[in-house]
Amino acid sequence: MVFFRGVSAISSIRSRVGKQSSLSNSVRWLQMQSSSALDLKSQLQEIIPEQQDHLKKLKSKHGNVPVGNITVDMVLGGMRGMTGLLWKTSLLDAEEGIRFRGLSIPECQKVLPAAQSGGEPLPEGLLWLLLTGKVPKKEQVDALSKELADRAAVPDYVYKTIDALPSTAHPMTQFASGVMALQVQSEFQKAYEEGVVHKSKFWEPTFEDALNLIARVPVVASYVYRRMFKDGSIIPLDNSLDYGANFSHMLGFDSPQMKELMRLYVTIHSDHEGGNVSAHAGHLVGSALSDPYLSFAAALNGLAGPLHGLANQEVLLWIKSVVEECGENISKEQLKDYVWETLNSGKVVPGYGHGVLRKTDPRYVCQREFALKHLPDDPLFQLVSKLYEVVPPILTELGKVKNPWPNVDAHSGVLLNYYGLTEARYYTVLFGVSRSLGICSQLIWDRALGLPLERPKSVNMDWLDNFMRLSR
């Protein structure tokens with residue numbers, strides 16, 4: 001009953017936020033900071049000098065102040081818990097989850113413009129927020145939608161690059177190859193080679209590359225999908241649609257609910273601070289002044305790993321294996337036995353646990369609420385709901401998991417499957433398209449702030465042994 005009450009409490013997060021008479025301080029501050037100009041780049045031109053000055057003051061006044069201690073566990077354990085990166089666009093709290101420029105997901109759903117009243121946030125609105133720290137007006141989001149559509153033309157050689165691969169190649173392989181082919185048109189690389197831009201203005205060609213990349217990745221991603229699963233019949237971009245709806249349309253899904261799901265999906269998967277594999281890879285490669293295409297391709301290759309973005313395809317495959325072996329109407333007791341069988345065989349329950357979070361992922365919660373609203377009777381959603389009650393107590397009893405709660409991957413596949421996007425191998429590509437918003441936004445700020453080449457110190461085990469002897 002304790003776990004069930006925890007589930008109920010977490011599920012009511014959004015409804016509690018909606019009932020508040022006033023917004024939180026962060027939302028109120030951002031509303032006060034809202035601007036009127038429709039051009040995103042002009043907004044950044046106003047903001048960046050202030051932030052550059054802020055960074056200089058931080059370095060000059062507090063450069064020698066320690067922000068934490070490094071332990072041997074951190075060195076040997078993937079640098080977990082080690083504070084070592086500046087990430088402007090989002091911050092992850094272990095207890096409350098992600099905040100985009102200070103806004104939680106429920107707050108974003110409340111204040112960011114939507115395609116329809118009461119609908120899900122438009123990804124373009126989140127992109128504006130990530131870059132500027134300001135909540136955009138609807139007309140600003142509409143202008144950005146149009147700008148992205150105008151930037152979305154993909155050269156033929158990109159398609160030819162993808163076509164050179166076997167159609168059986170993993171979707172992420174094809175997608176990353178397409179992104180690398182887009183790099184031929186990099187504005188940053190051209191400006192750097194010609195030496196026409198001062199380093200204080202490196203952010204400007206980076207901005208052009210970033211927006212072009214964000215605009216084009218849904219086109220490339222949908223081409224991969226149609227090539228692999230729909231006999232190569234391509235659906236062109238529709239200039240009248242917003243970013244999320246257009247992506248859904250080009251994939252071949254035109255139902256209003258699927259378009260709403262895609263808006264939500266892209267928004268909540270866009271950014272998750274800088275320490276995860278894909279974000280860190282993009283930042284690391286970008287720190288060498290590699291352009292956004294090269295940096296984002298590196299991020300995609302990290303995202304394709306089973307311990308990162310590939311996990312979302314594993315969740316749906318595992319859920320379907322439960323149905324195949326036990327049927328859709330599996331009882332909670334049967335489900336408990338199946339979960340224990342999975343764990344005792346040395347496997348994990350995909351979609352549960354997180355490297356930072358210690359509560360249910362708010363990205364899971366908002367997807368659950370979407371399902372409760374639009375597909376409450378779907379058998380796979382009902383199975384996911386049962387897992388939500390069954391798995392956390394088992395993982396807690398097992399005693400080896402710091403976070404027994406579901407993460408974002410535990411729910412997304414069931415929603416996509418319901419609306420007809422059943423090809424689980426493709427799901428990580430959707431994640432990749434979404435992550436372009438966060439990674440590219442941060443790359444712009446990396447160049448605007450003049451962040452240096454990333455070069456941490458490494459040591460070997462002999463060094464650690466000697467250090468321990470000397471420290472006794």
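Is Glu341 buried or exposed? In this predicted model, Glu341 is exposed, with a relative accessible area of 52%, and the residue lies in helix 18. Together with Glu324, Glu325 and Asp337, Glu341 forms a patch of negative charge on the surface, to which helix 17 (311-326) and helix 18 (332-344) each give two or more residues.

Because Lys336 and Glu333 are three residues apart in helix 18, about one helical turn separates them; Lys336 itself is partly exposed, at 33% relative accessibility.

Over the whole structure, 16 salt bridges are found. One of them joins the side chains of Arg227 and Asp163 at 3.2 Å, N to O, and links distant parts of the chain, given that Arg227 belongs to helix 12 (residues 203-229) and Asp163 to helix 9 (residues 156-163), 64 residues apart. Within this pair, Arg227 is buried, with a relative accessible area of 16%, whereas Asp163 is partly exposed at 38%. In the salt bridge between Lys259 and Asp254 (3.9 Å, N to O), Lys259 counts as buried at 15% relative accessibility, while Asp254 is partly exposed, with a relative accessible area of 42%.

Helix 19 (residues 362-374) has end C-alpha atoms 18 Å apart, in agreement with the 18 Å that its 13 residues should span at 1.5 Å a residue. Of these 13 residues, 10 are buried, so helix 19 is largely enclosed by the rest of the structure; the buried residues include Tyr364, Val365, Cys366 and Phe370.

Conventions. Residues numbered from 1 in each chain as written. Predicted model: local features only at pLDDT ≥ 70, side-chain atom pairs only at ≥ 80, totals over all residues. Heavy atoms only, no water. Patch = residues over 30% accessible without salt bridge, like charges linked within 9 Å, V, L, I, M, F, W, Y side chains within 5 Å. Areas by Shrake-Rupley, 256 points an atom, 1.4 Å probe, with all protein chains shown as cover. Salt bridge = Lys/Arg side-chain N within 4 Å of Asp/Glu carboxyl O. Lys, Arg positive; Asp, Glu negative; His and termini not counted. Charge placed at Lys NZ, Arg CZ, Asp CG, Glu CD. Helix = DSSP H or I, 4+ residues; strand = E, 2+ residues; numbered from the N terminus. Buried < 20%, exposed > 50% of the residue type's maximum accessible area, 1.4 Å probe, protein only. Expected span 1.5 Å × (residues − 1).
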